[in-house]
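Let's take a look at how parts of one protein chain meet each other. Have the structure open while you read, and find each residue as it comes up.

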Amino acid sequence: MAYFAPSWVFASINIMVGTWVLYLPHIKAKFALSDAEIGTALFFTSLGLVISLPIVPRINKKFSEGRSTRMGIILLALAFNLPLMATNYLGLCVSLMVIGILSGFTDISMNAVVSLTEEREGQNFMSAAHGFFSLGGFIGGGIGSLVIAQHLNPVWHMSIITGSVIISNLILSKHYLGIKDHTYLAADSTAAKPKPFQKILPVIGLSMAAFIVMMNEGAVEHWSTLFLFEVVRLSENSAALGFVMFSLTMTLGRFLG
């Protein structure tokens, strides 16, 4: 359970994402949005994520990575109900920015929990944890494609999914709640400090690689369902299978990692 509990947080996030993206055609039709308008709305998710980045380490330092992870996944689950409940375009954009902020908070905290658990247990399971993330997309998209065919109200569908996520994570969180990074110490002023570029150049290289990967992943995640529904002219539940197959192959790649 020391490995599964934090991995389930990864899976939980993408179960909700995999459910949400299936309703992008519904959202687009509901507000009569153009491609540019739906793209702008989705941009607010990324904006929220960027806003959260400098804040999360301070919150983790105060509450611990374990507690932050539990708090993050519960708040994120509640937030995922907002876009489908939005009554106007502004409400949609604001709700997606809230999701972005809480997603960044949860992402950083849960990765820290996995990293600290690896150090404590002497086991490497970061790739497997990310495999659970992709598995979550497969689960959320797979269930969603079946639910859409039954014409269940989107708000009820998301509420059931987020409620299940909250309950399951409240049960499992006891296995990582006490995890905290104890290395927050003041830097030794007498130690030789590396030159700034010695630190920043490797970060820039890794950041560019991450940017390219995430740009492609985000494009598939947010646009594949719309593409298959509007351009390829598949039914709404069949269009959902594009993201499902993407998640399946991502899951295989990450578990092999």
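Start with the place where helices H1 and H8 touch in this predicted model. On the H1 side, the residues in contact are Phe4, Ser7, Phe10, Ala11, Ile13, Asn14, Ile15, Gly18 and Thr19. Facing them from H8 are Ala129, His130, Phe132, Phe133, Ser134, Gly136, Gly137, Ile139, Gly140 and Gly141. What kinds of residues make up this contact: nonpolar, polar or charged? Nine are nonpolar and 10 are polar, with no charged ones.

Now for the way the two helices are arranged. H1 covers residues 4-20 and H8 covers residues 126-149. Their axes come within 6 Å and cross at roughly 35 degrees. The crossing of H1 past H8 is right-handed.

Next up, the charged side chains. Side chains of opposite charge can pair when their charged atoms come close. How many salt bridges turn up in a search of the whole structure? The search finds three, and here they are:

| Salt bridge | N to O distance |
|---|---|
| Lys28 and Asp35 | 2.4 Å |
| Lys28 and Glu230 | 3.0 Å |
| Glu217 and Arg254 | 4.0 Å |

Let's go through them, starting with Lys28. Is Lys28 buried or exposed? Lys28 is buried, with a relative accessible area of 10%.

Glu230 has 28% relative accessibility, so it counts as partly exposed.

The remaining pair is Glu217 with Arg254, whose side chains also form a salt bridge. Glu217 lies in helix H10 and Arg254 in helix H11 (residues 236-256), so this pair ties together parts that are 37 residues apart in sequence. Both Glu217 and Arg254 are buried.

Key: Residues are numbered from 1 along each chain as its sequence is written. This is a predicted model: local features need pLDDT of at least 70, side-chain atom pairs count only at pLDDT 80 or more; totals for chains, interfaces and linings use all residues. Side-chain values use heavy atoms; hydrogens and water are left out. Axes are lines fitted to C-alpha atoms, for helices over the stretch in contact, and angles run from 0 to 180 degrees between N-to-C directions. Helices (H or I, at least four residues) and strands (E, at least two) are DSSP runs, numbered from the N terminus. A crossing is left-handed if the near helix is turned anticlockwise from the far one by less than a right angle, and right-handed if clockwise. Contact means heavy atoms within 4.5 Å. Ala, Val, Leu, Ile, Met, Phe, Trp, Tyr, Cys and Pro count as nonpolar, Asp, Glu, Lys and Arg as charged, and the others, Gly among them, as polar. Buried means under 20% relative accessible area, exposed over 50%, partly exposed in between (1.4 Å probe, protein chains only).
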